[in-house]
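Please look at the sequence and the model first.

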Amino acid sequence: MLSVIIATLDSERLLVRTLAALVPGATAGLITEVVVADAGSRDDTAAVADIAGCNFLVADGPLGKRLKIGAAAARAPWLLFLRPGTILDTPWVGEVRGFVERPQPAIRAAVFRRAAPAQAGIRDALSLLASALGAKRRPEQGLLIAADFYRQTGGHSEHTADPESDLLRRIGRRRIATFSTRAFQPYT
C-alpha cells in the first residue's frame, strides 16, 4: 500500500529509531517497502538499511533531489516521507490504513501531529489547538501523499533551500489532513 522514503546522511542511529517504529506497519502488510535515499554516509547507515531490508540508494546532490529519486524508485501508490529519527506513535497503522483505503479521497495528503517525547499535557493541548486553528505544517510531521498526487504537484524541488516545507506550502493546508497520531522527534 505504501512506500516509506527516508533521506539520510550519516543517520545510522536515527534511522534505527525510525525503522523500529515502522515494524508494526510492515507486519500489518501496510508498508510495501522502505527506500533510503542516502547522500554518501560514512557511518553504518547503509548496514542498518541492509539489515532492515530497505532499498538503499546513494544519490548525490541536495535533499530535494534525493527525496525525488527515492519517490521515483518507490512502487506503492502511497508515499510516506519521514525524517531520520522520526518515531510514530503506536496507533499510526490503523489511522494511516483508514486514510489510504478510502475510495477516491478528496484529500490525498496528510501529516502526523507534532509532539516531543514525554510532552506535558498543557503543551499537548496547545499543539492540538494549533493544528485545529490551521498552524503551518512542518516537515517533522512527516508527509503521507498519494504517489500520483505527488507527481502532479511536481514533487520535491531540487532548487530550494527547504524542499520539504516548499512541497507542503505548494500542496496547501486545505489539501492536507492532520492525523491524531503523533510524530516524535528525538532531541539532537
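Q: How much space lies in the largest cavity, and what makes it a cavity?
A: About 80 Å³ of space lies in the largest cavity. On a 1 Å grid over the protein atoms alone, a cavity is a set of points where a 1.4 Å probe fits but cannot get out. Its volume is the space filled by probe spheres set on the points, which are joined across faces, edges and corners. The structure holds one cavity of 30 Å³ or more.

This is a predicted model, in which local features need pLDDT of at least 70 and side-chain atom pairs count only at pLDDT 80 or more, while totals for chains, interfaces and linings use all residues. Residues are numbered from 1 along each chain as its sequence is written, and side-chain values use heavy atoms, with hydrogens and water left out.

Q: What makes a residue part of the lining, and which elements supply at least two residues?
A: A lining residue has an atom within 4 Å of a point. Among those lining the largest cavity are Phe81, Leu82, Glu164 and Leu168. Strand S4 (78–82) and helix H7 (163–171) each supply at least two; helices (H or I, at least four residues) and strands (E, at least two) are DSSP runs, numbered from the N terminus.

Q: Why is S4 called largely enclosed by the rest of the structure?
A: Buried means under 20% relative accessible area (1.4 Å probe, protein chains only), exposed over 50% and partly exposed in between. Five of the five residues of S4 are buried, so the strand is largely enclosed. Trp78, Leu80 and Leu82 point one way from S4, and Leu79 and Phe81 point the other way.

Q: How do you know that S1 and S4 pair?
A: Two strands pair if DSSP finds at least two bridges between them. Five bridges join S1 to S4, which run parallel, so the pair meets the definition. Ile6 stands opposite Leu82 in S4. Four bridges join S4 to strand S7 (residues 143–146), and these two run antiparallel.

Q: Why is Val4 called buried?
A: Val4 has a relative accessible area of 0%, so Val4 counts as buried. Val4 is found in strand S1 (residues 2–8). Not counting residues up to four places away in sequence, Val4 touches residues including Leu22, Leu80 and Leu82, where contact means heavy atoms within 4.5 Å.

Definitions and conventions
1 Å grid on protein atoms, 1.4 Å probe; cavity = no way out; pocket = protein on both sides within 12 Å on 5 of 7 lines; lining within 4 Å.
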